[in-house]
Each structure stands twice: as structure tokens, then as C-alpha cells.
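Please have the structure open as you read.

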Amino acid sequence: MVLAAFTKLTRKSIPLLKDITERAITTNATHRPRQLSVNYYAKSCPQVEQLISSITSQQFKEAPVSAPATIRLFFHDCFVEGCDASILIATKPGTKILAEKDAEDNKDLRTEGFDTIMRAKTLVESKCPGVVSCADILAIAARDFVHLAGGPYYQVKKGRWDGKISMATRVPYNLPHANSTADQIIKLFSSKGLIVQDLVVLSGAHTIGFAHCKHFVGRLYDYKGTKQPDPSIDPRLLKALKMSCPQVGGNTDIVAPFDVTTPFLFDHAYYANLEEKLGLLASDQGLFLDPRTKPLVHSLGQDKAKFFQAFSAAMDKMGSIGA
């Protein structure tokens, strides 16, 4: 078990490019039918995937955390008013209405994800000005990072519109939380047109990535008001997490990996970890405790090829929300 993977990550400030951000809410906003297709840009920008790939591969080499950061960014975008890149829109100076990216639930989104999309958008605009939406760039980049981290490569349908509206108030009730119950998450996914299998499969994205202590510290010391640790945590993991995350006064930059066995590899170990009580978040471990999701966890943990195929299909399905 890779308990040494607990890491301190500092957030660096990368300013969003104002002109590119403005394009993010105008490109594809009108004049195109919402018909997603793998070949959507075959004539207007045939090299789009190669252009984006040149950025994602470079980002992955320079900052591997760009992979989980961008995948999470895609998820947070799609679940709030659909996959429309509204997560990229900055709050307008002088206004009291915050944009999605400034919502409390999105404050931990790492800058590497945003930076990847802005760099890709800049390159694509230089070759195909005013053609490719930021929403499509985000979907393609997420796929690229899944593959770069060792996961499946799948075709990405394109033709999404970029949204013009981005409101922080829409975020909290549209995203699952670290302490959400299986029932709550199942209902949330259902509201997006996703079934229980989609929920369990997409949760497998936690095979890479990290979470800050604040998202799971309650499980370590005072689970549901019991003043005791969550009984569904393996004692070895509990001890390691407590060393990194004290009950009070801890370093807010400290993070722990979702997958303590292969934290940097996109594989199916996440599911086997849940069976061994090695899930980091209560919402993750809860998938093995609920009878509706437990069989799927076991099945996917036994078969990486099955997980990869199901994950590809689920990402396609999620990527069509609101399109």
C-alpha cells in the first residue's frame, strides 16, 4: 500500500486569459445545431484533436496532476447546467454574482486544469479561429488525460455549445459531496439522466487524484457525531491519515490520494481498495456498503477491461448532459 503518497501540493496562481475566457462564452453560442458527432470538426478544424493532444501530453509531463485536475473539471462542468464550459467563466469584476468557478465547492479545483484548457484553446484558436468550443476542448482534454494516465482511449463526440451563464448558486445542489450517502448520489446522478452503473463507473475516476484533509477528516475522529473513527476504514489507512491530517490545526495544503495502492495510474484498483476498506472519502467507501452498488464495485474490481469499456461509455454519456 503506497502510504508514502501523501503529498503537499501548493496552489500556484495562473491568471485566466481574458480574451480567451470571453471566447469561451461566445464561440458556438449560436448558429449551430446541437448534434454531437465524432466528426463534427472534420471540415472546419480537422486537426483539432492533434492540437489539443500536443498540449495535454506536454502538460502531463510537466505537471502530472493536470490529469485528475482536468477530469474533475470536466465532471464539475457537466453536472452544473450541462457540459458547456461555464466552469471556465470568470466572475465579472465589480459584481456580487459569483461565477461557478468561485463557488465554495469549486475552490479546490486545481489551476492546472484551467491552465490546460486555456493553453489548448489558445493553440486551437491560432489554427481554427472561432470554430471549436471550449466545452469540446475540455471533453477532449479529459479523454487525453485518462489515456495518458494509463486508462482507455475512446472517441469523443463534439458539437457542444459554450454557455453564457455561470452562477455559483447553481453549484452546491448539483455536485456530490465527500460525505454524501449512496442514496443522495444515486438521486443526483438520476437527475442528470445517469443510472446506478454510471455512478459506480464514473466514481472510478478516483483511481487517480487527491483530496484535501477537510473532505475526510470527520471520518478519522468523529464519524457522524460518534466521537469515534468511521468503522469502515482499514486501521492501517486510518493511522496514516491521522498522521497527515490532525483533527485541528493541520496544514490546509496537505492532500491524500484517492487510490492508496496505485495513486498515479488509471486502473481498476480503486474498486479493490473499497473492498479492503481503503476508500478515502465516505462517499467512495459507501459504494461498497450499499446493496445497490456493492455488486458493481466487486465486478469492476475483478475486470480492468470491463471497467475501461464501461468508463468510456459512461464518459460519453456524461459528456452529452445538456447537449
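Which residue's side chain meets the side chain of Asp183 in a salt bridge? It is Arg292, with an N to O distance of 3.2 Å. Keep in mind that this is a predicted model. The pair links distant parts of the chain, since Asp183 sits in helix 6 while Arg292 belongs to the loop between helix 11 (282–289) and helix 12 (294–302), 109 residues apart. Asp183 has a relative accessible area of 31%, so it is partly exposed.

**Salt bridges**

The count of salt bridges comes to 19.

| Residue | Partner | N to O distance |
|---|---|---|
| Asp183 | Arg292 | 3.2 Å |
| Arg170 | Glu81 | 3.8 Å |
| Asp222 | Lys227 | 3.9 Å |

The bridge between Arg170 and Glu81 also ties together distant parts of the chain: Arg170 is in the loop between helix 5 (134–148) and helix 6 (182–191), Glu81 is in the loop between helix 3 (66–79) and helix 4 (111–127), and 89 residues separate them. Arg170 counts as partly exposed at 23% relative accessibility, and Glu81 is partly exposed at 41%. Glu81 has a backbone feature to look at as well: its phi is near 65°, a positive value in a residue other than glycine.

In the pair of Asp222 and Lys227, Asp222 is partly exposed at 27% relative accessibility. Lys227 reaches 63%, which means that it counts as exposed, the cut-off being over 50%. Lys227 lies in the loop between helix 8 (217–221) and helix 9 (235–244), and it has a positive phi of about 65° although it is not a glycine.

Beyond these pairs, salt bridges link Glu49, Arg143, Asp144 and Lys158 in a network.

**Helix 6 against helix 7**

Two packed helices are described by the angle between their axes and the distance between the axes. How do helix 6 and helix 7 (residues 196–203) cross, and within what distance do their axes come? The axes come within 9 Å and cross at roughly 105°. That angle falls in the range from 65 to 115 degrees, so the two helices are roughly perpendicular to each other. Helix 6 brings Ile185, Ile186 and Phe189 to the contact, and helix 7 brings Val196, Asp198, Leu199 and Leu202. By class, this contact has six nonpolar residues, no polar ones and one charged residue.

In soluble globular proteins, nonpolar side chains tend to be buried together. The largest nonpolar core in this model has 71 residues, and those with the most contacts inside it are Phe74, Phe79, Leu88, Phe311 and Met318. Helix 5 gives the most to this core, with ten residues.

Which residues does Phe79 contact, leaving aside its neighbours within four places in sequence? They are Asn174, Leu175, Leu188, Phe189, Lys192, Leu194, Met318 and Ile321.

A second, separate core has 18 residues, among them Cys245, Ala256, Leu278 and Leu281.

Technical notes
Residues are numbered from 1 along each chain as its sequence is written. This is a predicted model: local features need pLDDT of at least 70, side-chain atom pairs count only at pLDDT 80 or more; totals for chains, interfaces and linings use all residues. Side-chain values use heavy atoms; hydrogens and water are left out. A salt bridge is a side-chain nitrogen of Lys or Arg within 4 Å of a carboxyl oxygen of Asp or Glu. Helices (H or I, at least four residues) and strands (E, at least two) are DSSP runs, numbered from the N terminus. Buried means under 20% relative accessible area, exposed over 50%, partly exposed in between (1.4 Å probe, protein chains only). Axes are lines fitted to C-alpha atoms, for helices over the stretch in contact, and angles run from 0 to 180 degrees between N-to-C directions. Angles under 35 degrees count as roughly parallel, over 145 as roughly antiparallel, 65 to 115 as roughly perpendicular and the rest as oblique. Contact means heavy atoms within 4.5 Å. Ala, Val, Leu, Ile, Met, Phe, Trp, Tyr, Cys and Pro count as nonpolar, Asp, Glu, Lys and Arg as charged, and the others, Gly among them, as polar. A nonpolar core is a set of buried Ala, Val, Leu, Ile, Met, Phe, Trp, Tyr and Cys residues joined through side-chain atoms within 4.5 Å.
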